[in-house]
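These are my notebook entries on a structure that was new to me. I set down what I looked up, in the order in which I looked.

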Amino acid sequence: MNNITFAPFARPLYVMLKPVGAVCNLRCNYCYYLEKKDLYPNDMKFTMSEELLERFTEEYINSQTTNEIMFAWHGGEALMRNKSFYVKALELQKKYGRGRQIDNAIQTNGTLLTDDWCKFFKDNNFLVGISIDGPQHCHDVYRKTRDKRPSFFQVMKGLSLLKKHGVEFNIMGVVNDYNVDYPLEFYNFFKSLDCHYIQFAPIVEQVNGELASWSVPSEKWGDFLITIFDEWVKQDVGNYYIQYFDSTLANWVGENPGVCTLAKNCGHAGVMEFNGDVYACDHFVYPEYKIGNIYRQTLTEMMYSDKQINFGNDKYDTLPGQCKDCDFLFACYGECPKNRIIETRTGETGLNYLCKGYHKYFKHVAPYMDFMKNELNNQRPPANIMEAVHNGYFK
Ligand SMILES: C[S@@+](CC[C@H](N)C(=O)[O-])C[C@H]1O[C@@H](n2cnc3c(N)ncnc32)[C@H](O)[C@@H]1O
Ligand code: SF4
Ligand code: SF4
Ligand code: SF4
């Protein structure tokens with residue numbers, strides 16, 4: 001008998017929550033999410049009921065096979081919901097958790113943070129993700145209020161409150177057609193905020209079948225990554241954690257990367273809407289990617305359904321020949337399926353729009369990644385690369 005067993009339940013089950021649906025005090029031009037209100041034309045409130053919260057909490061906790069459980073609160077803007085909702089959520093976690101370790105992470109635009117919120121987050125060990133697109137001239141290009149006013153100073157005020165209360169936070173930035181030209185300003189700005197865990201993601205959006213103007217140009221995306229990488233590898237390895245570089249190294253050594261877009265398969269994080277509908281991924285909240293509703297199916301049934309497993313496997317299985325033959329397949333895996341909107345050299349559909357940029361980036365970092373892999377294989381810290389760079393090893 002084959003002793004290799006397929007063990008789908010060996011990892012945590014993740015379902016992000018939308019305490020409010022597509023509701024927000026900002027109107028970032030590039031937001032992929034606010035249009036989701038059109039999916040629910042008969043619902044004006046877009047808020048999750050406490051009854052649904054309880055149903056989810058009980059089931060989510062009971063379906064976990066690991067001891068640590070993560071609740072991820074997302075939106076829309078999650079702080080449009082009153083604090084009392086989250087107080088209730090914590091009560092329910094306690095009731096159903098029966099002593100298990102439960103963590104909470106919340107993603108916010110930061111503009112609604114107050115002393116009261118920050119004290120609550122500190123007291124309850126929330127990890128707060130805050131969206132900032134770089135220094136003011138970068139951030140304010142697209143992240144505007146409903147009446148088109150800039151939001152940068154409100155966000156900075158929110159960030160200073162998080163720091164004042166000692167709340168654990170990380171920053172999430174998006175890279176678009178504007179800030180892509182300011183990689184070092186972008187990077188140094190985050191460092192100046194004393195943020196040691198930096199995440200950013202490229203924007204690739206289509207509007208009516210056409211590439212949206214705020215999308216990051218493919219090759220510039222590669223240049224952006226390379227410029228920051230060259231700075232990081234000189235002086236910041238081991239001190240600043242940059243999700244892309246860490247994930248690239250993980251792929252280089254054959255570990256799972258932290259970012260889903262660079263993994264071979266995906267679909268491990270579903271998302272539950274305010275009414276109990278569950279979708280394959282936050283970037284695939286479309287009727288055809290709905291995997292069920294918590295009032296009709298269990299979370300386990302939905303997240304381990306054939307539909308969801310196929311969604312995750314398709315990331316690799318549907319790659320065009322150009323990717324399958326690519327030297328960097330093991331590091332890229334065709335990136336996110338939502339960005340596979342162009343044709344390959346031979347006219348095959350399904351090539352990633354960012355291919356050119358990624359290829360340039362992987363080619364550039366390859367010798368550095370090889371070096372760090374060798375250090376790891378010899379039980380030495382990858383941060384040794386900084387000395388090698390100073391000694392001209394890569395010239
Ligand atoms: C939809 S927002 C919801 C949470 C919260 N309102 C915020 O802005 O952080 C989640 C994240 O997606 C990012 N985002 C918005 N539109 C995007 C797009 N078109 N492509 C990639 N990321 C996007 C936002 O900047 C934010 O970091
Ligand atoms: S703050 Fe978040 S939800 Fe609101 S418009 Fe901007 S990206 Fe979208
Ligand atoms: S579709 Fe894209 S964003 Fe969603 S899980 Fe897969 S790689 Fe990640
Ligand atoms: S670099 Fe381009 S060809 Fe290579 S795997 Fe990525 S998207 Fe495919």
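Entry 1, ligand 3. I noted at the outset that the model is predicted. I then listed the shell around ligand 3, which consists of Cys260, Thr261, Cys266, Gly267, Cys281, His283, Phe284, Lys315, Cys336, Pro337 and Lys338. By class, I recorded 6 nonpolar, 3 polar and 2 charged residues in this shell. I also looked up its origin: domain 1 (14-317) and domain 2 (319-391) each supply at least three residues to the shell around ligand 3.

I returned to the domain assignment, which divides the protein chain into domain 1 (14-317) and domain 2 (319-391). Their centres, taken over C-alpha atoms, are 24 Å apart. For the contact between them, I found 30 residues from domain 1 and 33 residues from domain 2. On the domain 1 side, helix H7 (218-235), helix H8 (243-252) and helix H10 (306-317) are the elements that give two or more residues. H7 gives the most to this side, with 11 residues. I classed the domain 1 side as 15 nonpolar, 9 polar and 6 charged residues.

Which residues are around ligand 4? I found Gln322, Cys323, Cys326, Phe328, Leu329, Cys332, Gly334, Glu335, Asn352, Cys355, Tyr358 and His359. Helix H11 (321-324), helix H12 (329-332) and helix H13 (355-377) each give two or more residues to this shell, and H13 provides the largest share, 3 residues. The shell around ligand 4 divides into 7 nonpolar, 4 polar and 1 charged.

I listed Cys24, Leu26, Arg27, Cys28, Cys31, Tyr33, Leu34, Gly75, Gly76, Glu77 and Asn109 around ligand 2. This shell has 6 nonpolar, 3 polar and 2 charged residues. I then examined the backbone and found that the peptide bond from Gly75 to Gly76 is cis, with omega near 20°. Gly76 belongs to the loop between strand E2 (68-73) and helix H2 (83-97).

Tyr333, although not a glycine, has a positive phi of about 50°; I located Tyr333 in the loop between H12 and strand E13 (342-343). Gln379 is not a glycine either, and has a positive phi of about 55°; Gln379 is in the loop between H13 and helix H14 (385-390).

Is Tyr333 buried or exposed? I recorded Tyr333 as buried, because 23 other C-beta atoms lie within 10 Å and the cut-off is 20 or more. Gln379 has 6 C-beta neighbours inside 10 Å and therefore counts as exposed.

Key. Residues are numbered from 1 along each chain as its sequence is written. Chains are lettered from A and ligands numbered from 1 in the order in which they are written. This is a predicted model: local features need pLDDT of at least 70, side-chain atom pairs count only at pLDDT 80 or more; totals for chains, interfaces and linings use all residues. A residue is near a molecule or strand if its C-beta atom, placed from the backbone, lies within 6 Å of it. Ala, Val, Leu, Ile, Met, Phe, Trp, Tyr, Cys and Pro count as nonpolar, Asp, Glu, Lys and Arg as charged, and the others, Gly among them, as polar. Domain bounds come from an automatic or database domain assignment. Helices (H or I, at least four residues) and strands (E, at least two) are DSSP runs, numbered from the N terminus. Two residues are in contact if their C-beta atoms, placed from the backbone, lie within 7 Å. A residue is buried if 20 or more other C-beta atoms lie within 10 Å of its own, exposed if 12 or fewer, and partly exposed in between; C-beta atoms are placed from the backbone.
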